[in-house]
Each structure stands twice: as structure tokens, then as C-alpha cells.
Amino acid sequence: MYRSALFLAAVLLFSGITAEEASKNVTSGESSKSVSPGDDGKALNPADVLDYLHPYPVDFLHKSKKYSLFCDNKVNYITAWRKCMDINQELATIESAEDNLAFLAAVGSYTDYVLTSGTDLGKEGSWMWLVNQRQIPGWNQFSAWDNGEPNNQGPEDCLVGFNRDGVLYWNDIPCGNAYCYMCQELIL
């Protein structure tokens, strides 16, 4: 819950909307996914919004993913997250060596940074995938950080992947910078 509240604060900071506007949108169902009051009939707390924005079950580990690279318009982290949600996908996670290879295949020969859903906005140095709130590295200890990364030089709180000589590496970058982004679709 603490991470969700901190992420919501980050979303509000990057989006330029106030907490009151966010609360109104969440409680009135004006978000990209319909949000309904809790079982007790009370309106949702904006800090709970992540629990309702996820379009699929949280457990990805036993399902396949299809990655799609978007480079037509470079955007910042929050905008990339929103754009993936707008097409009923999610900003990418890379939770295994297989995911890393599939992500690399989707990147192809593109060698600049590509945004993923990895972030430590909730707690500095505690990396997680935004879309499922799993820690990085996760249950299988997989990660692909480049040498010396994450180094948090300045406000570097978002994870990007990049192709160097046919190998996908990760780096931490400022969330406000604009890059291409990778969405993922869950294959049931």
C-alpha cells in the first residue's frame, strides 16, 4: 500500500493534476479503466488506484507476453505507462531470461533506451515492476543491469532496456526524459 501511495504521488507530480482531481476521477469512474466503489459502498482511496488499473490478473509468470515497441513519439515514463494502458496493454516487465530475449527481439536493431515499467520511485534503491509490483530482481534472481548500474546519478528512478551488440542491458534514467517505450500484451 505504501508503494502504491508513493507511485500515485509520482503520477500526480508528472501528470500535472491535483490530488483532488485524481480522487474525483477515480471515485467517479472517469479513468481509463472503470473503477467502482469498494464492496462496502465507499469510494476508493486514490492510493488504491494501482489495484484497479491493472487490466489482467497480477500473476504473469505462467503466461506468455507479446512485446510491442513504440518509437513514433518519444515520451516520458508516466506518458508511456498511460499510452500502453490506452491500448489495453501494459508498460513492459522483463522477469526472466526468456522475457529478456523476447524484449531484445522486439527492440531489434534499435540501440537507444526503451522504457519499461521498472522503477524505484516508491523507495530509493528498491526496484520493482510497476505493473505487478514485483521486486527486481524477482523470485528467480534475474536481472540484466549494465555494469555499475543502477547508479542513481541524479534522479534516476526508471528502468530502460537497450541493445548493445545483440545483448539487452538495463540502465536507470530520469523518469521525465523522453524515450521509446515497450508495451506488453498478455497471451492467455
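Why is the disulfide of Cys84 and Cys183 left-handed? The torsion about the S-S bond of this pair is about -90 degrees, and the disulfide is therefore left-handed. A disulfide is taken here as a pair of cysteine sulfur atoms within 2.5 Å, and by this rule the count comes to 3 disulfides. The structure is a predicted model, in which local features need pLDDT of at least 70 and side-chain atom pairs count only at pLDDT 80 or more, while totals for chains, interfaces and linings use all residues. Residues are numbered from 1 along each chain as its sequence is written, and side-chain values use heavy atoms, with hydrogens and water left out.

In the bond between Cys84 and Cys183, the distance from S to S is 1.9 Å. Cys84 belongs to helix α4 (residues 77-86) and Cys183 to strand β8, so that the pair ties together parts that are 99 residues apart in sequence; helices (H or I, at least four residues) and strands (E, at least two) are DSSP runs, numbered from the N terminus. Both Cys84 and Cys183 are buried, where buried means under 20% relative accessible area, exposed over 50%, and partly exposed in between, as computed with a 1.4 Å probe on protein chains only.

The sulfur atoms of Cys71 and Cys180 are 2.2 Å apart, and because the torsion about their S-S bond is about 125 degrees, the disulfide is right-handed. With regard to accessibility, Cys71 is partly exposed, at a relative accessible area of 31%, whereas Cys180 has a relative accessibility of 1% and counts as buried.

A further disulfide joins Cys158 to Cys175, with an S to S distance of 1.9 Å, and this link is right-handed, with 100 degrees about the S-S bond. The pair links distant parts of the chain, Cys158 being placed in strand β6 (residues 156-164) and Cys175 in the loop between β7 (167-174) and β8, 17 residues apart. Cys158 is buried, its relative accessible area being 0%, and Cys175 likewise counts as buried, at 4% relative accessibility.

When the bonded cysteines of the protein are numbered in sequence order, the pairing reads 1-5, 2-6, 3-4.
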